[in-house]
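Please look through this note with the structure open beside you.

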Amino acid sequence: MKSIIAATILALSTIAPTVSAHGYVQNVILNGNTFTAFLPFQDNYDPKPSPKRITRHIPDDGPVTSFTSKDIVCNVGAQDASQRTTSHGAVPAGAEVTFRWDRWPTDHHGPVTTYMASCGSDCSNFDATGNVWFKIDELGLVSGTTDTGTWASDVLIANNISWTVTVPPKLKSGAYLIRHEILALHSAGAPQFYPHCSQLVVTGSGTATPSSSELVAIPGIYKTDQSTMINIWNNGQTKYTIAGPAVTKIGAYTTTNSKNKLGGGAGPIPFKAGKILSGSAVTAAIGSTGDAVASGNNAGATTTTTTTKATTTKAAVAAASTTPVKSCKVSTKKRDAAKANKRHAKKRLSTNH
């Protein structure tokens with residue numbers, strides 16, 4: 001019996017390193033102004049009312065596993081009216097938007113994409129299904145092969161666990177959803193999607209809009225093909241096709257942000273709380289030339305992800321990203337907490353992710 005117990009413990013000890021947490025966007029930085037994103041393990045359980053957030057609510061740090069479900073739009077439950085938000089953050093057209101994650105596992109290799117959708121004058125009740133999305137940024141397999149090479153997710157880790165995009169400089173002012181996503185491909189045939197949506201007010205004098213051919217529906221961009229079902233651990237693969245349309249050419253916008261490369265990260269960003277806009281303030285901001293900066297009303301703003309120096313060497317990322325891990329489990333503590341939320345408990349998987 002003792003030998004069986006010892007063998008069991010040894011077996012479990014070899015599995016333990018493959019079990020890791022996932023991640024979520026913790027801060028959204030608009031033109032240098034920081035907004036705390038929805039914090040699922042705090043905001044879902046703190047006394048109500050919850051702090052005002054410009055990001056749509058999420059239940060936890062787990063993935064969306066069905067790319068045909070409405071959950072693929074902005075994360076599990078985020079399309080439900082009760083999980084939307086009335087808050088927006090202002091950003092000038094042509095300015096940078098940075099998404100800072102709380103963490104990201106080194107084995108969860110995959111592409112990073114960012115889309116936008118026009119909500120008109122307010123995103124509070126905007127249903128983001130249908131052909132409303134246009135892509136403003138993408139990066140997939142950067143170099144090498146799919147099993148040991150460098151992916152966009154590795155670049156994100158190297159750059160302060162962050163990703164920076166540029167709002168098209170000539171984009172028409174108005175309210176927009178911005179959808180930032182990592183697609184984790186570490187489990188062959190079982191892709192994991194981590195979308196997050198933030199509500200913006202794009203300011204400025206721009207008039208450009210995407211062409212009808214650039215607009216796509218979500219769900220709809222993902223298919224049962226190489227972009228989602230690839231086995232990245234098969235040796236020798238040097239090509240990967242990112243799902244969805246090409247990056248928009250709005251107003252001659254043809255390039256992605258240069259910071260999304262090894263050694264290109266933003267580094268420390270001075271903390272300056274962004275002003276939460278809602279209701280008539282959203283309408284008033286549309287067409288203005290500023291970014292509506294003010295301190296004091298971004299409740300619960302955190303600086304924890306804005307002060308760490310990025311690791312930017314390719315060798316450091318490669319060393320951290322070469323161990324194949326075929327599957328992982330969501331943190332038991334966090335998953336149990338998420339199950340306590342009755343609005344989402346039936347919508348999540350309770351086994352392996």
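The points below go through the disulfides of this predicted model.

1. Start with the count. A pair of cysteine sulfur atoms within 2.5 Å is taken as a disulfide. By that rule, the model has two disulfides.

2. Next, the pattern. Number the bonded cysteines along the protein chain, and the disulfides read 1-4, 2-3.

3. Take Cys74 and Cys197. A disulfide joins them, with an S to S distance of 2.0 Å. Where do these two cysteines lie? Cys74 is in helix α3 (residues 71-74), and Cys197 is in strand β11 (residues 192-203). The pair therefore ties together parts that are 123 residues apart in sequence.

4. Now the handedness of this link. The torsion about the S-S bond of Cys74 and Cys197 is about -85°, so this disulfide is left-handed.

5. Are Cys74 and Cys197 buried or exposed? Buried means under 20% relative accessible area. Cys74 has a relative accessibility of 1%, so Cys74 counts as buried. Cys197 has a relative accessible area of 2%, so Cys197 is buried.

6. Turn to Cys119 and Cys123. These two form a disulfide, and their sulfur atoms are 2.1 Å apart. What is the handedness of the link of Cys119 and Cys123? The link is right-handed, with 90° about the S-S bond. Both Cys119 and Cys123 are buried.

7. The disulfide of Cys74 and Cys197 is left-handed, whereas the link of Cys119 and Cys123 is right-handed. Check each one in the structure.

Key
Residues numbered from 1 in each chain as written. Predicted model: local features only at pLDDT ≥ 70, side-chain atom pairs only at ≥ 80, totals over all residues. Heavy atoms only, no water. Helix = DSSP H or I, 4+ residues; strand = E, 2+ residues; numbered from the N terminus. Buried < 20%, exposed > 50% of the residue type's maximum accessible area, 1.4 Å probe, protein only.
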